[in-house]
Amino acid sequence: MGKYSSRMTQESLSNRDQQLHPVWRGVGFAFMILIPTIAIFGSIVLVDANSKNGWVAIPPEVINHGFGGPLLYVQIIVGVVIMLIMSVLFQLITFVLYRAFGPSRYGPLDVPPVTYNGPKKSR
């Protein structure tokens, strides 16, 4: 230890700002349960409606001849697609809300950004 250094450490600003509010953990848990549930029931409804109306032809390779009904694989595929679409949709909404209502991009110790107008023209 040098003559002019000290052993005192201060909690950094980044560690204090990164603590997650407990409400957001509950929202994440709710979405973790809600999205697959909606996707499962949505895939069942869409596959049944497709069977009645004939919107999309189902290839015979994905027809199940074992347990769970003949359209089990189709329901799984449609459910995974619905889950992906819903996850992307909720992420986009989260990004927009965070950008609108989130903390400032720059902290109190940051230097303001410099505007650059291109090279100076000499006369």
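Is Asn50 buried or exposed in this model? At 11% relative accessibility, Asn50 counts as buried, where buried means under 20% relative accessible area, exposed means over 50%, and partly exposed covers the values in between (1.4 Å probe, protein chains only). The structure is a predicted model, in which local features need pLDDT of at least 70 and side-chain atom pairs count only at pLDDT 80 or more, while totals for chains, interfaces and linings use all residues. Residues are numbered from 1 along each chain as its sequence is written, and side-chain values use heavy atoms, with hydrogens and water left out.

The overall picture comes first. The protein has three helices and zero strands, and along the sequence this gives the pattern α-α-α. Helices (H or I, at least four residues) and strands (E, at least two) are DSSP runs, numbered from the N terminus. Of the 123 residues in the protein, 11% are buried. The accessible surface comes to about 11400 Å², and 66% of that surface belongs to carbon and sulfur atoms; such areas come from the Shrake-Rupley method with a 1.4 Å probe, and for residues only the protein chains shown count as cover. Contact here means heavy atoms within 4.5 Å. Among contacts between residues at least 6 apart in sequence, 57% join residues at least 24 apart.

Next comes the pairing of α2 with α3. The axes of helix α2 (residues 22–53) and helix α3 (residues 72–101) come within 8 Å and cross at roughly 135 degrees. That angle makes α2 oblique to α3. Axes are lines fitted to C-alpha atoms, for helices over the stretch in contact, and angles run from 0 to 180 degrees between N-to-C directions. Angles under 35 degrees count as roughly parallel, over 145 as roughly antiparallel, 65 to 115 as roughly perpendicular, and the rest as oblique. The crossing of α2 past α3 is right-handed; a crossing has this hand if the near helix is turned clockwise from the far one by less than a right angle, and is left-handed if anticlockwise.

Which residues of α2 and α3 meet? On the α2 side they are Phe31, Ile35, Pro36, Ile38, Ala39, Gly42, Ser43, Ile44, Leu46 and Val47, and on the α3 side Val74, Gln75, Val78, Gly79, Ile82, Met83, Met86, Ser87 and Phe90. By class, this contact of α2 with α3 has 14 nonpolar, five polar and no charged residues. Ala, Val, Leu, Ile, Met, Phe, Trp, Tyr, Cys and Pro count as nonpolar, Asp, Glu, Lys and Arg as charged, and the others, Gly among them, as polar.

Ser43, in helix α2, is buried at 4% relative accessibility. Not counting residues up to four places away in sequence, Ser43 touches Gln75, Val78, Gly79 and Ile82. Ile44 also lies in helix α2 and counts as partly exposed at 32% relative accessibility.

Leaving aside neighbours within four places in sequence, Asn50 is in contact with Trp55, Val56 and Ile58.

From C-alpha to C-alpha, Leu71 and Ile44 are 9.4 Å apart in space and 27 residues apart in sequence. Pro70 is found in the loop between α2 and α3 and is partly exposed, with a relative accessible area of 49%. With residues up to four places away in sequence not counted, Pro70 touches Val62, Ile63 and Asn64. Glu61 has its place in the loop between α2 and α3 and is exposed, at a relative accessible area of 66%. Glu61 and Tyr73 are 12 residues apart in sequence, with a C-alpha to C-alpha distance of 9.8 Å.
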